Amino acid sequence: MRELSLHILDIAQNSIAASASIIEIYIDENSIQDRLTIRIADNGRGIPQHQLAQVMDPFFTSRKTRGVGLGLALFAQAAKGAEGELLIDSNVGAGTTVTATFRYSHIDRAPLGDLAGTLLGVIMLNPEVEVVYQHTCLERTLRIDTREIKSELGNIAINHPAVMNWLEGFVREGIDDLYGGE
Amino acid sequence: MKSLEELRELRAELEKEISARNSEGKPKIIIGMGTCGIAAGARDILQAVTQELRKRNLDVITTQTGCIGMCEQEPLMDVQLPGQDRITYGKITAKDVERIVVEHLINGNVVAELAVARLEEGGV
């Protein structure tokens, strides 16, 4: 994957597959400590203890149809290649948290890429799932919670095309602001 | 700046327009969002779909599927019109999305040269 935001989208798909109703995406860009942390936490069904050791194995999947599952293995590789690591914490019935760390300035650290596209994609395809997006760049933090947006929308679906259009502007402006945009 | 105030105005506008959007009898777009699909560009396809629906004000269910074992054909996008066969389009680009939306979703004609599979209505 060319962008870390694509890994985030991929891991969020795992959450959807695990029947999560809440997905929280945290991004912390700390250029002073030279650390990038990405965390995706869900309240899905969780991974049984005996499978936890296997999920990073590309030839392990919980799927019954085919025997490969590359998502976590690829994300782990992206982290390791940038002096970071990938940790998975999971409890059956409670949810799963995937945390990836990177050396922020590492030459092989993939760019974050289109984070807005990832967030909007998850919301577009899963209007019933609540998504929290919290993105920190040093002293600035952007926090978006679909529950707050939905409370303004009443019966209108959050993935109605006109709402998505508003949301896209809202998210993109919010992320631009983090990087010192006007 | 996009504000919540703007969102409230939008809601009032949409509430007038939508009296009965329900999911019965709606066309469906299904995007392959497995690791293979995402790596092949599914997010761009999804963005193109979102834009088309907005541009043409279409009421469509947009949903996802995981890896279906046709990884080499990703990105995959299926279109299913109510009561008709589900058509899978493969190796599509964001540019193809507009054509599929106009020709198939709106006008009901399968775009044969981009189609890679057909799933009969009522099938699995």
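Predicted model: local features only at pLDDT ≥ 70, side-chain atom pairs only at ≥ 80, totals over all residues.
The model as a whole scores ipTM 0.90 and pTM 0.92. For chain B the average pLDDT is 91, and 91% of its residues score at least 70. The secondary structure of chain B consists of 4 helices and 5 strands, which follow one another from the N terminus in the order α-β-α-α-β-β-β-α-β. Taken along the principal axes, the C-alpha atoms of chain B occupy a box of roughly 45 × 35 × 25 Å. Chain B has 124 residues, of which 31% count as buried. When contacts in chain B between residues at least 6 apart in sequence are considered, 68% of them join residues at least 24 apart.

The contact between the chains draws 32 residues from chain A and 26 residues from chain B. On the side of chain A that touches chain B, at least two residues are supplied by each of α1 (4-17), α3 (71-80), α4, α5 (146-153) and α6 (161-178) of chain A. Of the elements of chain A, α6(A) gives the most to this side, with 9 residues. Divided by class, the side of chain A that touches chain B comprises 17 nonpolar, 11 polar and 4 charged residues.

Helix packing is considered next, both across the contact and inside chain A. Two packed helices are described by the angle between their axes and the distance between the axes. Helix α4 (residues 115-125) of chain A packs against helix α3 (residues 42-55) of chain B at an angle of about 65 degrees, and the axes of the two helices are 10 Å apart. With angles of 65 to 115 degrees counted as roughly perpendicular, α4(A) is therefore roughly perpendicular to α3(B). The crossing of α4(A) and α3(B) is left-handed. The residues that meet are Gly117(A), Thr118(A), Gly121(A) and Met124(A) on the side of α4(A), and Arg43(B), Leu46(B), Gln47(B) and Thr50(B) on the side of α3(B). By class, the residues of this contact of α4(A) with α3(B) are 2 nonpolar, 5 polar and 1 charged.

Helix α4(A) also packs against α1(A), at an angle of about 15 degrees and with the axes 8 Å apart. Angles under 35 degrees count as roughly parallel, and α1(A) and α4(A) are therefore roughly parallel to each other. The crossing of α1(A) and α4(A) is right-handed. In this pair, Ser5(A), Ile8(A), Leu9(A) and Ala12(A) of α1(A) meet Leu115(A), Gly117(A), Thr118(A), Gly121(A) and Val122(A) of α4(A). The residues of the contact of α1(A) with α4(A) are 5 nonpolar and 4 polar, with no charged residue.

Several backbone features were identified in loops of the two chains. In chain B, the peptide bond from Glu74(B) to Pro75(B) is cis, with omega near -5 degrees, and Pro75(B) is located in the loop between β2 (61-65) and β3 (77-80) of that chain. Lys91(B), although not a glycine, has a positive phi of about 50 degrees; this residue belongs to the loop between β4 (86-89) and α4 (94-106) of chain B. With 15 other C-beta atoms within 10 Å, Lys91(B) is partly exposed. In chain A, Ser19(A) likewise has a positive phi, near 60 degrees, in a residue other than glycine, and is placed in the loop between α1 and β1 (22-30) of chain A. Ser19(A) is exposed, as 11 other C-beta atoms lie within 10 Å.

Two further residues illustrate separations in sequence and in space. Thr63(B) lies in strand β2 of chain B and counts as partly exposed, with 15 C-beta neighbours inside 10 Å. Although Thr63(B) and Gly32(B) are 31 residues apart in sequence, their C-alpha atoms are 9.0 Å apart. Apart from its neighbours within four places in sequence, Thr63(B) is in contact with Leu125(A), Lys28(B) and Ile30(B). Tyr179(A) is found in the segment after α6 of chain A and counts as exposed, with 9 C-beta neighbours inside 10 Å. The C-alpha atoms of Tyr179(A) and Arg140(A) are separated by 8.6 Å, while the two residues are 39 residues apart along the chain.

Conventions:
Residues numbered from 1 in each chain as written. Chains lettered and ligands numbered in written order. Axes fitted to C-alpha atoms, helices over the stretch in contact; angles between N-to-C directions. Parallel < 35°, antiparallel > 145°, perpendicular 65-115°, else oblique. Left-handed = near helix turned anticlockwise from the far one by under 90°. Contact = placed C-beta atoms within 7 Å. Nonpolar A, V, L, I, M, F, W, Y, C, P; charged D, E, K, R; others polar. Buried ≥ 20, exposed ≤ 12 C-beta atoms within 10 Å, placed from the backbone. pLDDT = per-residue confidence, 0-100.
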